[in-house]
Amino acid sequence: MKKMTVNFMVNGESVSVEVKPYETLLETLREQLHLTGAKEACGTGACGSCTVILNSIPVRSCLVLTPEVDGMEVTTIEGLKVDGKLHPLQETFMEKGAIQCGFCTSGMILTAKALLDRQKKPSKEQIIRTVSSNTCRCTGYKKIIEAVTAASRKTERE
Amino acid sequence: MENHKIVGKGVVRSDYLAKVTGEAQFTADIKLPGMLVGKVLRSPHAHARILNIDGSRALRVPGVKAVINGFDGFGIKWGVFRYTQDHAMVPTDKVRYVGEDVAAVAAVDEETALEALDLIHVEYEPLPAVFDPVAAMAPGAPQIHDGYPGNINVHVHIDVGDVEAAFREAYIVRKDTFKAAGEAYAMMEPYAVVAHYSNGFLDLWMPNAGPHVRAKALANLLKMPLNKVRVRHIYSGGAFGGRSEVSPGDFVTALLSIKSGRPVKLVLSREENAISTRQTHDMIAAIKTGVKRDGTVLAKEFEVIYDGGAYSSTGPIAASIPYYVYEEAYRFPNVKYDGYRVYTNKGIRGMYGCHGRAFLAGNEVQLDMIAQDLGIDPVDIRMKNGLTVGEKTATKSWITSGNLAEPIGKAAEKAGWREKRGKLPRNKGIGMGCVAMMTGFPMGFRSGSSCSVKLNDDGHVTVITGIVDNGQGNESMAVQIASEVLGVPLGDINLINADTEITNLDPGAYSQAATYVGGNAVKRACDDARRQILSIASEKLQEPVESLDLRDRMVVSLQDTGKKMPISWIAREAFFRAKPITGVGSYIPKIDFDREWVSKPFGQMAGTYSFGASVAEVEVDGETGKVTMPRFVTAHDCGKAINPMAVEGQMEGSVQQAGVATLTEENLWNEGFLLNPDLLEYKVPLACDMPEIETVIVESHDPEGPFGAKEGGLTVRMNAHSAVACAVSDAVGVPFSELPLTPDRVLTMLEREKEGGTK
């Protein structure tokens with residue numbers, strides 16, 4: 001099958017990839033760009049482990065076709081550090097113990113980042129509703145909610 | 001020894017940085033030069049004879065490098081016990097469940113592999129199948145394996161005291177039957193394997209809860225020596241008991257790599273993960289209990305039937321554990337237990353962290369009903385019958401620390417039990433569940449763990465241990481223990497673990513052994529290195545060993561704060577003496593190793609026991625039967641929390657996986673077909689489904705455990721379902737009979753209550 005050329009930004013760098021027309025963004029990120037922080041856990045958009053930020057919106061990269069993101073900006077977990085410094089969410093996920101196996105962590109952090117980017121100080125209900133788009137099997141979510149709350153306080157101070 | 005520097009502190013776990021940056025590598029992330037893609041052809045039949053397998057057309061597809069089936073193996077069957085060796089991993093005689101691995105392909109890419117799969121021709125002769133364990137036991141049922149009459153895979157029989165006499169003496173005798181559907185493990189990481197056979201060595205990566213157990217199984221199946229089968233370290237996306245044993249995918253991928261001479265990666269889809277890796281047991285539990293007028297339990301009689309699926313797996317263990325975690329919590333002088341694990345034409349089953357909910361919740365709700373008839377509070381009847389240190393379980397296992405009463409008391413107090421039980425409005429309820437968990441149980445010579453530790457010339461430390469981490473924080477636990485003993489920061493310690501080439505035997509993250517057994521070995525190895533450091537320092541500083549301590553990378557005198565020396569200097573001095581600082585330590589729990597699950601179910605079962613009690617509060621919608629759970633309190637005796645934050649995390653996760661699951665989770669079947677194999681149909685609880693959780697850590701300081709530690713939270717996984725089931729039964733006013741408590745089942749309970757109840 002004829003491949004397509006797709007140009008887009010990933011974590012601030014422009015990339016050009018040759019993809020099958022039906023290739024998912026998740027596959028392109030993992031197989032071609034070696035960005036394996038986005039995980040495939042269900043492949044059906046149910047769990048959010050493959051979440052990346054497309055422009056400013058969190059999306060399931062297993063449901064996005066790479067040709068769709070031409071000209072757009074993608075942020076993955078690998079792009080969250082700024083000048084070698086962790087994002088406040090990365091720090092609070094560690095400090096609050098919001099991680100166990102870590103398979104859902106990238107997606108969870110990016111989902112929360114998209115929320116904090118558009119709303120500086122979300123309520124607890126908003127945080128719960130937002131992280132309810134992602135599945136975690138290990139933690140019971142309590143410490144995830146605490147971590148997002150703590151990060152919102154940190155970003156507010158900055 | 002309560003004056004710890006870092007043990008007992010909620011430090012940031014050593015694995016976290018890699019996990020928040022995306023650098024943590026899981027099996028599916030591995031890329032090796034020349035690596036091929038593996039794909040598996042699966043059985044469409046629940047039960048069928050294999051007449052012929054023809055892979056020749058598949059092999060002719062350009063890009064296909066290997067095609068295998070069961071005949072490429074050595075005809076060896078695996079089983080955890082000698083008497084349960086029934087699983088060839090890829091069958092040659094017949095298929096026994098839908099989704100069973102029949103053949104596989106390795107090709108240069110996924111499309112080619114899938115194309116080739118379609119060209120493998122398998123000729124089957126379908127056979128009558130059986131899907132229900134009771135039907136499978138009936139005369140005339142299809143026989144799934146030769147030599148197992150009635151399809152009974154394992155029968156565990158325990159008989160203590162005189163049950164019949166005790167029932168005659170009892171004031172109340174009550175018998176009930178409870179059922180529960182099996183749940184999905186639903187680990188977030190679908191199963192994946194990378195195998196690389198080269199130069200006579202087989203390297204393997206896969207999420208696993210016991211690298212040594214895995215290597216042993218594969219060495220047997222592949223007729224290779226153990227030192228040439230090297231299971232390597234990799235991050236693991238959850239296990240929960242489901243990744244303890246060898247998986248067909250391991251064998252398939254190994255064969256593909258051996259045949260192609262290239263590395264092969266097999267990544268299962270979510271659906272394949274559900275149908276072809278291990279599942280949990282559906283079960284039916286008949287429970288008869290006799291008590292005295294004052295609530296003292298006199299006798300218990302059980303008949304439990306476990307739907308074992310197509311193969312043995314951990315058969316006798318699975319058919320025993322629900323009973324034992326109950327026996328370890330409560331005193332009963334007379335007991336008869338018959339556990340039958342029965343073959344059916346359903347997927348392979350394994351142990352689950354929440355294994356046994358019908359049995360455990362059934363016992364607890366029945367105790368509530370008995371308490372009600374006697375006019376005793378459920379908390380009081382539990383306190384009265386709970387075991388305590390110095391006592392023996394029914395099958396003669398000493399309790400060496402802790403007791404059930406303390407977590408019961410703490411959970412009840414925090415939950416406001418006395419103000420609530422029996423005083424809540426209609427359709428609101430509160431319930432309690434209790435268990436005790438064996439920590440480090442008999443696995444023969446694999447029950448123990450060893451560790452070695454070396455001090456590098458810059459004073460940094462390398463710790464080598466077989467401990468494996470599936471997300472619960474075992475690696476960080478080992479690092480924290482080493483940091484405490486050797487007085488160096490966490491960041492100065494490099495952990496090498498879960499690699500069968502380098503590390504010695506370890507039981508794995510199985511039988512709650514990681515901290516108690518593996519952590520103990522780490523502590524002993526570090527103690528050994530510490531002694532060597534202090535011996536040299538004592539000479540150099542002219543101070544007796546007893547007045548020296550290790551802290552902040554220094555040897556310091558406790559008498560004279562001016563006297564100190566960097567640990568790195570000692571390391572170098574040791575090299576000059578040609579005796580580099582190298583500590584070794586091992587630990588094996590004090591278990592009766594003559595004890596056997598079927599032939600001799602008596603004697604010391606485990607090194608120690610953790611105790612736990614959980615309290616759930618629920619509200620039932622009388623119209624729809626939907627249950628909501630606003631609050632959940634749980635208390636767990638972990639001996640000593642090495643990292644309280646990690647222990648809390650385990651407890652909170654258990655509330656989700658066992659507690660909320662009791663309302664929602666079940667595998668649904670149409671004969672041999674799993675109807676909800678993916679995460680759209682199988683609803684894993686989300687943040688919005690969770691109650692407010694409060695955790696209470698109880699520390700009973702076990703005399704053997706490292707710094708007094710036992711295990712980090714499994715009691716919650718085994719009693720949260722009981723708490724929820726008891727709370728719903730309290731809210732409705734009749735005992736539940738079947739789990740999970742989905743709205744349809746709760747409506748049936750409400751109907752029964754309206755009709756006057758069946759109490």
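Here are a few notes on the model above, point by point.

1. First, the ground rules: this is a predicted model, where local features need pLDDT of at least 70 and side-chain atom pairs count only at pLDDT 80 or more, while totals for chains, interfaces and linings use all residues. Residues are numbered from 1 along each chain as its sequence is written, and chains are lettered from A and ligands numbered from 1 in the order in which they are written.

2. Look at where the chains meet: 42 residues of chain A are in contact with 42 of chain B (contact means C-beta atoms, placed from the backbone, within 7 Å). On chain A's side, α2, α3, α4 and α5 each supply at least two residues (helices are DSSP runs of H or I, at least four residues, and strands are runs of E, at least two, numbered from the N terminus).

3. Chain A also has an open sheet of five strands, ordered β2-β1-β5-β3-β4, with mixed pairing (strands pair if DSSP finds at least two bridges between them). β2 and β4 of chain A sit at the edges with a single partner strand each, so one side of each has no neighbour in the sheet.

4. Zoom in on β3(A) and β4(A): four bridges join them, antiparallel, and A:L54 has A:I57 as its bridge partner.

5. Now find β14 in chain B. Its neighbour β13(B) pairs with β14(B) in the antiparallel sense over nine bridges, with B:I287 opposite B:F302. Nine bridges also join β14(B) to β15(B), but this pair runs parallel; there, B:V304 partners B:G339.

How values were computed. Contact = placed C-beta atoms within 7 Å.
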